[in-house]
Amino acid sequence: MPEPERVFEAFVTNLDEYNNNELVGEYVKLPTTQEELSRICESIGVDTTDEHGQPYKKLFITDYDSPAYYVKRVLSEYESLDKLNYLAALIEDLPKYDQDKLSAIVAGGCDKVNNIDDLINLTFNLDCYDFVPDATDDYSLGYYYVHEIGIYSSATRELGMLSNYIDYESLGRDIAFNEDGHFTDEGYVCDNWDKWEIQFDGTLEDIPDKYRITGGNEEKKQETTLTAVVVEPEKKPEIKEICSNLEDMQALVGGYIQAVYPYDDPVAIVCNEEAKLSGLPLNRALRDENGEIYDILAGTFAVVGLTDDSFGSLDTSLAEKYSELFEQPEQFAMLGDKIVAIPMISVEQQKQEAMEATVDTDDFSVAGYYAMWHPIDQREVDGHTFFLMEHNDFGNEKPCVIIDEEGKLSLTDVYDGFDEHTVSLLDAC
């Protein structure tokens, strides 16, 4: 029976339909041609170029299938189709042994492979790793080293009864430890410390023409930081620069990221995939065109822009639009069988109102003093707010005093404001 055909495939999806909760897409077998990709785009209702002539902006990938199984773990939804096509061609040209080796290297946690550019370079550097197919545990690795590599005389190739006294498992465990090797479903793999050669520089121009399928003539430089609207629970949004790499985005949202696309604008909401299951605090509501709540985002999230094949910066107008949209912090309650959002005062507003309620005049009396005082500074210490008060008549010619958020006198004879010594005294109060 012939071996089943081993293919590299990507399920390309219509982004507009996906945003409308419809999965409209088709598997494309890679490597492919520009003509075939155009046919698939037409079949799923995606224009091959947008109004600016940029290719496949309304297209993203929801699944991969690869003969090198673990390879798809490294790939994201917004990979360059040209790079994917090149990678698929390189994998297709590998014999099955090398495809399994490639998969084992990635599954073993190779620290040189973090993205599609690294995967492409890995296909040129397989000789930098030793691979033992089907050695999936200590025993099978030890047995291989004895019976295949031959740590005994190659003339006899027979151990006879001596084989009964070899501890293959202990031998294999020591070998794996000494080589810093890894067992995977495909077999055992370890770095042999040969020099890794960079064959692919990561640009589209470095891809051979026959694998270029999108028709784009220039590669848009990948941003390392993004202008985004970051929204934390109980706080007002902030427009800030965030790092665009996966690890930093995961750190921002506190876990594995998920991208949702609830708006017609070229934006995505990047949030924690398991926020509700993890018990993160509810943050903001998502509403339909009638203003009805259909979902609630939990935990910190970010609104980012979209480029041809990845996340990008928001322009000024979009940043202001979504900062205004999520301006008001919300809390949620059940009203009958319906969830309602209740506007709430942000943490910053609460602190400001507490300060104004406590220190709301330039003529503030302090217990034990006949004079009047006014606040010139404030400081949070161990969860409490303290105010530095200056004498109304003598100003900086007289030492200041410090009162707490309830207006009680905390320190007197303060000459250097909230310096280190003063803060340590307040911390001990």
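Guide: A crossing of two helices is left-handed if the near helix is turned anticlockwise from the far one by less than a right angle, and right-handed if clockwise. The structure above is a predicted model.

Visitor: Where do the axes of H4 and H5 stand, and at what angle do they cross?

Guide: Helix H4 covers residues 96-107 and helix H5 residues 116-123; their axes come within 11 Å and cross at roughly 135 degrees. That angle makes H4 oblique to H5.

Visitor: Is the crossing in which H4 passes H5 left-handed or right-handed?

Guide: H4 passes H5 in a right-handed crossing. On the H4 side, Leu102, Ile105 and Val106 take part, and they meet Leu119, Leu122 and Thr123 in H5. The residues of this contact of H4 with H5 are five nonpolar, one polar and no charged.

Visitor: Why might a contact of this kind involve residues spaced three or four places apart?

Guide: An α-helix has 3.6 residues a turn, so residues three or four places apart point the same way. In H4, Leu102 and Ile105 both belong to the contact with H5.

Visitor: At what angle do H3 and H5 pack?

Guide: H3 and H5 pack at about 25 degrees, with their axes 10 Å apart. That makes H3 roughly parallel to H5. H3 passes H5 in a left-handed crossing. From H3 the contact takes Lys83, Leu84, Tyr86, Leu87 and Leu90, and from H5 Ile116, Asp117, Leu119, Ile120 and Thr123. The residues of the contact of H3 with H5 are seven nonpolar, one polar and two charged.

Visitor: How many of the residues of H5 are buried?

Guide: H5 is mostly covered, with seven of its eight residues buried. Those buried in H5 are Ile116, Asp118, Leu119, Ile120, Asn121, Leu122 and Thr123. What covers them includes helix H3 (81-92), H4 and strand E4 (129-133).

Visitor: Next, aromatic rings. What describes a pair of them?

Guide: A pair of aromatic rings is described by the distance of the centres and the angle of the planes. Rings pair if their centres lie within 6.5 Å, and planes over 60 degrees apart count as edge-to-face. By this rule there are 12 aromatic pairs. In one of them, Phe11 and Tyr27 have ring centres 4.9 Å apart and planes at 70 degrees, so the pair is edge-to-face. Phe11 is in strand E1 (residues 8-14) and Tyr27 in strand E2 (residues 25-30), so that the pair links distant parts of the chain, 16 residues apart. Phe11 is buried, at a relative accessible area of 15%, whereas Tyr27 is partly exposed at 36%.

Visitor: Which angle separates the planes of Tyr143 and Tyr168?

Guide: The planes are 55 degrees apart and the centres 5.1 Å apart, a tilted aromatic pair. Tyr143 lies in helix H6 (residues 138-150) and Tyr168 in helix H7 (residues 168-179), so the pair ties together parts that are 25 residues apart in sequence. Tyr143 counts as partly exposed at 37% relative accessibility, and Tyr168 counts as buried at 5%. Elsewhere, ring pairs link Tyr86, Phe200 and Tyr211 into a cluster.

Visitor: The last topic is the backbone. What do most residues and peptide bonds do?

Guide: Most residues other than glycine have a negative phi, and most peptide bonds are trans. Here the peptide bond from Leu30 to Pro31 is cis, with omega near 0 degrees. Pro31 is in the loop between E2 and helix H2 (34-43).

Visitor: What is the phi of Trp193, and what is the phi of Asp413?

Guide: Trp193 has a phi near 70 degrees, a positive value in a residue other than glycine. Its place is the loop between strand E6 (187-191) and strand E7 (225-231), and Trp193 counts as exposed at 65% relative accessibility. Asp413 has a positive phi near 55 degrees. Asp413 lies in strand E21 (residues 409-414) and counts as exposed at 52% relative accessibility.

Key: Residues numbered from 1 in each chain as written. Predicted model: local features only at pLDDT ≥ 70, side-chain atom pairs only at ≥ 80, totals over all residues. Heavy atoms only, no water. Axes fitted to C-alpha atoms, helices over the stretch in contact; angles between N-to-C directions. Helix = DSSP H or I, 4+ residues; strand = E, 2+ residues; numbered from the N terminus. Parallel < 35°, antiparallel > 145°, perpendicular 65-115°, else oblique. Contact = heavy atoms within 4.5 Å. Nonpolar A, V, L, I, M, F, W, Y, C, P; charged D, E, K, R; others polar. Phe/Tyr/Trp six-rings, centres within 6.5 Å; stacked < 30°, edge-to-face > 60°. Buried < 20%, exposed > 50% of the residue type's maximum accessible area, 1.4 Å probe, protein only.
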